[in-house]
Structures are given as C-alpha cells and as structure tokens.
Amino acid sequence: MMQDWQDLITNMNGGLKTLRQGAPEVMKGFTALAQGALGGTALDKKTKELLALGLSVAARCVPCIAYHAEAAAKQGATRAEVLEVMGMAIYMGAGPNAMYAAQGLEAFDQLVAAGK
C-alpha cells in the first residue's frame, strides 16, 4: 500500500478546518467555486468527480486524489471508469501522471472497500 487514503482525508480535514477558521472569506469563496463547478445539468456528478479525479492526477495533488476518489466512489463510479480516467490522465501527462494514476486507483479501491 502506498498510502492510507482514509487517514489522509481525516488528517487533511483537520488542516482544512484550521484554514477555514483562519481565512474564512477565502474558504467561503473556494466553497462557492466548488458548488458552482458541481452545479449545472450537462454533466452528472459522477462524471464531474471522475473528471476531478483525472485532473487531480494531472495536477499531482495527492490530497485532491483522495477527496475526488472518495467522491467518485460515493457517486457510484466503477473501477473500470476510474481506470479509463487514469488512462486519459497518463495519456495527457505521460510518465509522471502514471505514478499518480497508480495512487488514484489505489485510493479509489481503498475507499470503495471502506464503504465510502
């Protein structure tokens, strides 16, 4: 196992809470941005979370991978869908993205197994 993804989420939640307390207006703006991005009707939430997971790999943001793997699992994404998204992330970012794609798949698998 490369990472305990649920533990990472738990630890990040504490840090994000502290950040929200210290910079509430910035974090309110970020929350509004997230809500806006997840809104709309052209794409369903599962598709948007799969996109976010692929972009998390491309951005090489490990905590982002954790949160969006969890959200994709909660939205009913399948392992096959995640693998195709990881394939696209690798295609767009080559070798470095392959390393993060392995983490994205592991995060999804762990969080599904944990019932997330």
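I take helices (H or I, at least four residues) and strands (E, at least two) as DSSP runs, numbered from the N terminus. This is a predicted model, so I note the limits: local features need pLDDT of at least 70, side-chain atom pairs count only at pLDDT 80 or more, and totals for chains, interfaces and linings use all residues. Residues are numbered from 1 along each chain as its sequence is written, and side-chain values use heavy atoms, with hydrogens and water left out.

**Gln103**

I looked up Gln103 and found it in helix H5. Is Gln103 buried or exposed? Gln103 is buried, at 16% relative accessibility. My scale calls a residue buried under 20% relative accessible area, exposed over 50%, and partly exposed in between (1.4 Å probe, protein chains only). I then listed contacts, meaning heavy atoms within 4.5 Å. Beyond its neighbours within four places in sequence, Gln103 touches Met2, Trp5, Val62 and Ile65.

**Core**

Next I checked the largest nonpolar core, which has 22 residues. Such a core is a set of buried Ala, Val, Leu, Ile, Met, Phe, Trp, Tyr and Cys residues joined through side-chain atoms within 4.5 Å. Trp5, Val82 and Met86 have the most contacts inside this core. At least two core residues come from each of helix H1 (5–22), helix H3 (45–59), helix H4 (62–74) and helix H5 (79–113). Which helix gives the most? H5 does, with 9 residues.

**Cysteines**

How many disulfides does the structure hold? I count 1, taking a disulfide as a pair of cysteine sulfur atoms within 2.5 Å. Cys61 and Cys64 form it, with sulfur atoms 2.2 Å apart. The link of Cys61 and Cys64 is right-handed, with 65 degrees about the S-S bond. I looked up both accessibilities. Cys61 has 22% and counts as partly exposed. Cys64 has a relative accessible area of 29% and is partly exposed too.

**Helix H3**

I ended on helix H3, which contains Leu51 and Ala59. Leu51 is partly exposed because its relative accessible area is 46%. Ala59 is exposed, at 56%. I also took one C-alpha to C-alpha distance: Ala59 and Asn97 lie 8.6 Å apart in space and 38 residues apart in sequence.
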